[in-house]
Amino acid sequence: MARMEYIDAIRLAMKEEMERDEDVFVLGEDVGVKGGVFTTTKGLQEQFGEERVLDTPLSESAIAGAAIGAAMYGMKPIAEMQYSDFMFPATNQIISEAAKIRYRSNNDWSCPLVIRAPIGGGIFGGLYHSQCPESVFFGTPGLKIVAPYTAYDAKGLLKAAVRDPDPVLFFENKKCYKLVTGEVPETDYIVPIGKANVLREGDDITVISYSLPLHFALEAAEELAQEGITAHILDLRTLQPLDKEGILEAARRTGKVLIIHEDNKFGGIGGEVSAILAEEMLYELDAPIMRLCGPDVPAMPINPPSEKFFMLNKDKVKEAMRQLAQY
Amino acid sequence: MTPTGSTQQASRHAELGLSDDQAIDMYATMLTARKFDERNLLLQRAGKINFHVSGIGQEPAQVAAAFALDREQDYFLPYYRDYGFVLGVGMTVRELMLSVFAKAEDPNSGGRQMPGHFGHKKLRIVTGSSPVTTQVPHAVGIALAAKMKRKKFVSFVTFGEGSSNQGDFHEGCNFAGVHKLPVIIMCENNRYAISTPLHKSVSGNIYERAIGYGFPGIRVDGNDPLEVYRVVKEARERAVAGEGPTLIEAMMYRLSPHSTSDNDLAYRTKEEVDEYRAKDGVQHYKQYLIDCGIWNEEKDAELLQKIRAVIDDATEYGDRAPFPQPESVLRHVYAEDDREGGR
């Protein structure tokens with residue numbers, strides 16, 4: 001077991017899957033010689049050659065569309081969107097095509113495709129290098145959506161996504177690339193799609209989140225423990241399909257639920273998690289469901305005070321957790 | 001077809017490597033597509049089916065392209081008017097009628113999609129949707145797979161001139177050109193995007209757009225199936241030789257309204273339609289076969305009778321076939337077990 005950064009875990013997953021199956025290949029803008037703008041695919045072209053680590057034209061709809069075609073043939077493409085902010089030109093290919101290929105052909109054709117896209121802010125990326133577009137794709141049946149937080153899950157979920165028979169959107173958090181490190185086996189394993197994971201056990205409040213905000217929640221929980229407040233923290237890991245049982249079990253543990261995500265609040269994934277709780281266990285709750293999310297503005301500005309205002313952090317999360325505990 | 005002297009005509013299909021039987025088979029296929037199309041218009045008017053989108057006037061180019069491809073290996077991404085094409089690559093009239101009646105046994109979609117949304121994996125007809133031209137990047141991706149796997153197949157994709165304005169056409173062409181992929185991109189220019197005429201829809205010439213993408217662009221008379229056959233066959237030879245894509249613009253005319261929901265005389269004149277009806281490639285090709293001495297009116301009557309029987313049978317079969325179970329709506333959103341594509 002090696003300690004490695006989140007970004008290394010993603011790279012290792014691709015490397016292992018490409019070694020395992022010659023039909024797995026990576027395509028995207030600058031993924032080859034440069035190894036990606038974040039170095040996510042660094043070294044892969046040297047090992048696997050230009051064809052299997054393919055630099056494409058700057059053309060997101062064609063990246064997604066060509067990957068869909070290759071997947072329908074039987075290849076296992078991993079298409080990279082340089083920033084998730086730039087995947088909207090490919091939205092028609094993802095929602096009208098990839099998501100519906102199995103369904104519309106009555107199971108005759110399938111589309112085993114992975115689309116990787118970095119999400120999230122806090123890197124002075126401004127409006128168009130910081131967005132969390134999960135809610136645009138969430139609610140499209142036919143797609144699976146994963147968003148790992150730990151390095152272990154980043155590797156295991158990406159490997160599961162590559163092997164999955166259906167299209168999977170893999171939202172990796174660019175702030176996590178270097179911030180998050182962890183123990184990652186250098187052997188083959190997968191993390192199953194559709195299963196949430198308890199990151200910390202506690203009895204006073206339940207925090208349900210995914211991706212970067214879990215970092216703040218874990219830090220806050222550590223400090224709140226000193227004050228005698230213990231938090232139960234659930235990492236959704238997969239956003240679609242949501243792990244309903246895992247969500248209910250985590251909520252029942254404390255009866256008080258705080259949902260956190262960086263994507264804006266209105267129409268976000270937190271709304272659907274809340275609805276599950278309201279439908280299934282309203283009378284078991286000891287406090288109204290709380291949500292802490294990005295503000296409902298188009299995207300985050302680049303100037304530091306504004307970015308700081310937009311972003312979640314340990315203090316904001318801790319304050320929300322304390323409020324809920326004291327309810 | 002350009003009418004020319006009979007002795008010269010007699011050799012055209014032979015020169016292209018087509019036997020007399022193949023030349024006749026092409027005619028039979030385009031006539032089947034025409035009669036199938038006409039039957040659907042009647043079925044819709046009679047209230048037996050809800051909707052039909054027609055390809056009348058486009059069959060000669062569609063069938064010729066199908067015959068020029070390798071029907072054992074190549075991948076096909078037709079658009080919604082391509083009845084002649086899919087019949088040409090092996091779909092049966094029964095299968096088409098099952099789609100028309102939206103029945104469970106329909107191989108295209110199990111009665112889920114509108115007619116004209118083809119898909120048939122055994123025949124390598126790739127499932128398509130309604131947002132136009134999304135299939136061009138798919139064809140490019142399949143051609144990419146051919147190149148990566150060192151396979152000698154090509155992908156062939158069609159679309160109308162209206163949808164040649166979509167970004168996916170341009171993005172797909174550029175991608176295919178950069179990576180020199182074995183894909184044949186054929187625009188069926190029928191001069192109308194529903195009601196919008198060519199001159200309000202397309203700036204410049206579609207085939208010349210290929211210049212910008214660095215591969216050959218060829219305009220061909222879509223009413224001349226032998227010329228379309230030649231052009232597609234050459235494009236295929238270039239593709240399998242590793243010489244990259246070809247853009248073909250086949251010029252034709254949509255003789256029927258856009259669909260059964262469209263009144264075309266609101267935006268074009270009967271005189272215009274009649275002018276093009278006189279150029280109908282099916283009739284000219286029939287005359288060509290007669291001039292070659294391998295066809296006659298007697299044989300034609302027999303063929304029409306045979307086609308009618310096939311369409312009657314298919315209509316009956318499609319009409320009687322069961323609809324999907326209502327609960328089947330819930331199936332095949334994702335793979336239901338490991339055999340369905342994962343590994």
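How far apart do the end C-alpha atoms of residues 28-327 of chain B lie, and how much of the span is helix and strand? The ends are 40 Å apart, with 45% helix and 10% strand. This is a predicted model, so local features need pLDDT of at least 70 and side-chain atom pairs count only at pLDDT 80 or more, while totals for chains, interfaces and linings use all residues. Residues are numbered from 1 along each chain as its sequence is written, chains are lettered from A and ligands numbered from 1 in written order, and side-chain values use heavy atoms, without hydrogens and water.

**Chain A overall**
- Chain A has 13 helices and 14 strands (DSSP runs numbered from the N terminus: helices H or I, at least four residues; strands E, at least two).
- Its C-alpha atoms fill a box of roughly 60 × 45 × 40 Å along the principal axes.
- Of the 327 residues in chain A, 65% are buried (under 20% relative accessible area, with a 1.4 Å probe and protein chains only).

**Helix H1 of chain A**
- H1(A) covers residues 6-20 and reaches 21 Å from its first C-alpha to its last, close to the 21 Å expected (1.5 Å times one less than its number of residues).
- H1(A) is mostly covered, with 11 of its 15 residues buried.
- Among the buried residues are A:Tyr6, A:Ile10, A:Arg11, A:Glu16 and A:Glu17.

**Record for chain B**
- UniProt, in an unreviewed entry, places "domain: Dehydrogenase E1 component" at residues 28-327 of chain B.

**Largest pocket**
- The largest pocket has a volume of about 390 Å³ (an open set of points on a 1 Å grid over the protein atoms alone, with protein on both sides within 12 Å along at least five of seven lines).
- Its lining has 17 residues, and B:Ala28, B:Thr32, B:Leu303, B:Lys306 and B:Ile307 lie nearest its centre.
- Helices H3 (20-45) and H14 (297-320) of chain B each supply at least two lining residues.
- H14(B) gives the most, with six.
- The pocket lining divides into nine nonpolar, four polar and four charged residues.

**Cavities**
- There are three cavities of 30 Å³ or more (sets of grid points where a 1.4 Å probe fits but cannot get out).
- The largest cavity has a volume of about 170 Å³.
- Of its 19 lining residues, B:Pro78, B:Tyr79, B:Tyr80, B:Ser129 and B:Gln135 are closest to its centre (lining means an atom within 4 Å of a point).
- The lining of the largest cavity has nine nonpolar, 10 polar and no charged residues.

Notes:
Buried means under 20% relative accessible area, exposed over 50%, partly exposed in between (1.4 Å probe, protein chains only). UniProt positions are given in the numbering used here, feature names are shortened, and annotations may be inferred rather than shown by experiment. Grid points are joined across faces, edges and corners, and a volume is the space filled by probe spheres set on the points. Ala, Val, Leu, Ile, Met, Phe, Trp, Tyr, Cys and Pro count as nonpolar, Asp, Glu, Lys and Arg as charged, and the others, Gly among them, as polar.
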